[in-house]
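Please read these points with the model open beside you. They go element by element.

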Amino acid sequence: MPPLGFAGAVMLLVLVLASCGLPVFGGHKDRNVDVKSEPTVLVFADPAKVAGLSVATISSGTAKPHVHVSYPTLADAPALNRRLKDELAAKARRFTEKTQVREGQPVLEYNVDWDLTAAALDAVAVRLRESRFTGRTWVDSYRTLWYDRKSRKVVDSTSLIADVEQLSATVRRHLPGNSPVQAQNVVVDPELFDSLNFNARGDLVVEFDGQEASPGTVGRVAVAIPRKEADGLLTPFGRLARSAVAATVTRPLSKTMDDNPTAVSTMNGSVNCAVANCVALTFQGGPGPHTERLLKTLSARGARATFFMVGTNAAATPGVLRQMREQGDLVANQTWTHRDLTLLSGSMMYDQLRRSQHAIGVASGQTPSLLMAPYGAADARVADAAREFGLSIVRGDVDAGDVAGADPKEVAKRVVAGARRGSVIVMRDIDQVTADALPQVLDELGRRGFVFVTVPELYGTAQMTPGRTYSAPIVPATAGSTAGSPSSQAAPYVGSTSPQVP
């Protein structure tokens with residue numbers, strides 16, 4: 001969506017933003033609750049209830065600038081999958097090519113997350129939030145693509161309405177008096193209306209983008225057109241889309257995690273790492289399309305791992321999280337949308353941790369106790385927030401380098417060459433190369449006498465401390481020994497000297 005040219009902060013929209021699940025400190029409202037005083041609140045489908053849904057990821061890995069793009073794929077919607085993959089890959093590539101990395105300057109970042117605003121027999125809607133860190137602030141933009149399951153075609157939001165000029169005039173009439181959107185900026189331009197949705201009452205909701213010139217905003221301004229008035233604007237597909245929203249199974253109301261136990265492997269204690277040559281395999285960025293294959297490979301070889309998961313992905317695949325728990329793997333947190341936490345405001349950082357903690361806890365029945373910060377970026381503020389959530393910060397000392405396009409044999413060779421007793425090995429749960437390389441990693445390290453455990457098991461009976469960073473290879477002390485004791489390996493965020501693996 002092109003810029004609207006708003007000016008000034010939009011703090012009056014805090015209620016809107018909180019209701020829509022956008023980052024606001026405290027006072028969280030569940031995303032599917034329809035707040036009667038705020039008609040721009042959207043319907044969000046429960047992705048766990050959508051048959052054939054998986055999550056794909058495009059990532060820059062360790063390269064700069066930082067790129068992390070997540071989008072849904074549906075088994076019965078190949079045209080939608082191709083459109084999302086092609087468009088988002090092209091945008092990520094353009095961002096990388098046009099962005100200059102300057103020494104001593106903040107690393108610029110491109111991040112995309114998603115929601116389903118409709119998921120029914122007739123139609124599906126994918127709402128994308130594209131976020132760019134410009135070096136001084138985050139700029140968000142919104143776009144919604146609609147998929148007609150009958151014709152198997154992907155259409156833009158303007159396909160919901162018959163006349164853009166009429167829509168423009170209607171939006172101008174419904175701008176609230178305190179809106180940062182000026183009526184003269186609502187022009188007859190289809191690109192201005194690239195995110196059209198419906199609320200639970202059937203009102204048409206028009207979303208606009210935030211602006212870099214408005215520091216303090218988190219990027220969403222919206223206008224609702226009452227259902228009766230919207231009737232005259234809709235195409236036949238627009239009416240079908242509205243019916244699809246009404247038929248969508250929404251996310252359940254928030255569940256409390258007060259009774260959830262802290263996440264611990266069901267196999268915890270079965271290996272004495274003070275004696276055995278233990279290493280901890282970790283997977284970050286998923287769950288993804290190949291996670292179940294990873295789990296089968298681990299199970300077949302009697303190995304277990306720690307999965308640092310992105311909350312949006314975890315919420316869509318609760319069955320995978322339950323499988324992890326049942327076979328002795330450990331669930332852990334890697335934020336809600338994989339943003340560099342050090343670049344976020346306090347409220348946004350808090351929201352990234354809280355929402356992921358909640359999604360993983362609800363899906364697995366366990367509350368994560370470990371955090372792997374995206375891109376390895378953690379400072380004193382991140383440490384304080386992690387402490388509040390009971391999270392210890394983990395960094396790896398061996399990076400598999402299993403980015404898209406890598407050779408699985410080279411990935412396995414890199415891991416085997418770098419692994420030593422007590423190592424934390426980081427792999428990426430988002431691409432086929434990881435699934436192809438894992439059997440070689442397990443077999444070769446197994447032949448060398450290594451045993452695969454979860455991260456906390458490296459510490460034996462010692463407890464990891466929330467808010468502290470753990471990164472050095474861990475070798476628990478034998479009885480009567482103090483050298484190499486687990487507590488000596490933990491350090492505040494500033495005390496780590498081991499390689500930072502994102």
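The notes below cover the basis of the model, a sheet, a helix, a loop residue and the cores.

1. **Basis.** This is a predicted model, in which local features need pLDDT of at least 70, side-chain atom pairs count only at pLDDT 80 or more, and totals for chains, interfaces and linings use all residues. Residues are numbered from 1 along each chain as its sequence is written, and side-chain values use heavy atoms, with hydrogens and water left out.

2. Six strands form an open sheet in the order 1-2-3-4-5-6, with mixed pairing. Strands are DSSP E runs of at least two residues, helices are H or I runs of at least four, and both are numbered from the N terminus. Two strands pair if DSSP finds at least two bridges between them. Strand 1 (53-59) and strand 6 (153-156) are the edges, each pairing on one side only. The twist averages 25 degrees from one strand to the next.

3. **Strands 3 and 4.** Strand 3 (residues 109-119) and strand 4 (residues 123-133) run antiparallel, joined by 10 bridges. Tyr-110 stands opposite Arg-132 in strand 4.

4. **Helix 5 on the sheet.** Helix 5 (residues 236-246) lies across strands 3, 4, 5 and 6, at about 105 degrees to strand 5 (138-148). Axes are lines fitted to C-alpha atoms, for helices over the stretch in contact (heavy atoms within 4.5 Å). Angles run from 0 to 180 degrees between N-to-C directions.

5. **Helix 8.** Which residues of helix 8 (residues 318-326) are buried? They are Pro-318, Val-320, Leu-321 and Met-324. Buried means under 20% relative accessible area, with a 1.4 Å probe and protein chains only. Seen down the axis, these buried residues fall within an arc of 160 degrees, so they line one face of helix 8. The arc is taken from the directions from the helix axis to the C-beta atoms. Their cover includes helix 6 (291-300), helix 7 (311-316) and helix 9 (346-364). Just after helix 8, Gly-328 takes a positive phi of about 95 degrees.

6. **Arg-251.** This residue is found in the loop between helix 5 and strand 10 (277-286). Arg-251 counts as buried because its relative accessibility is 14%. Its C-alpha atom is separated by 5.6 Å from that of Ala-45, 206 residues apart along the chain.

7. **Cores.** The largest nonpolar core has 55 residues. Such a core is a set of buried Ala, Val, Leu, Ile, Met, Phe, Trp, Tyr and Cys residues joined through side-chain atoms within 4.5 Å. Helix 12 (residues 432-447) gives the largest share of this core, 7 residues. A second, separate core of 31 residues includes Val-164 and Ala-244.

Note on methods
Buried means under 20% relative accessible area, exposed over 50%, partly exposed in between (1.4 Å probe, protein chains only).
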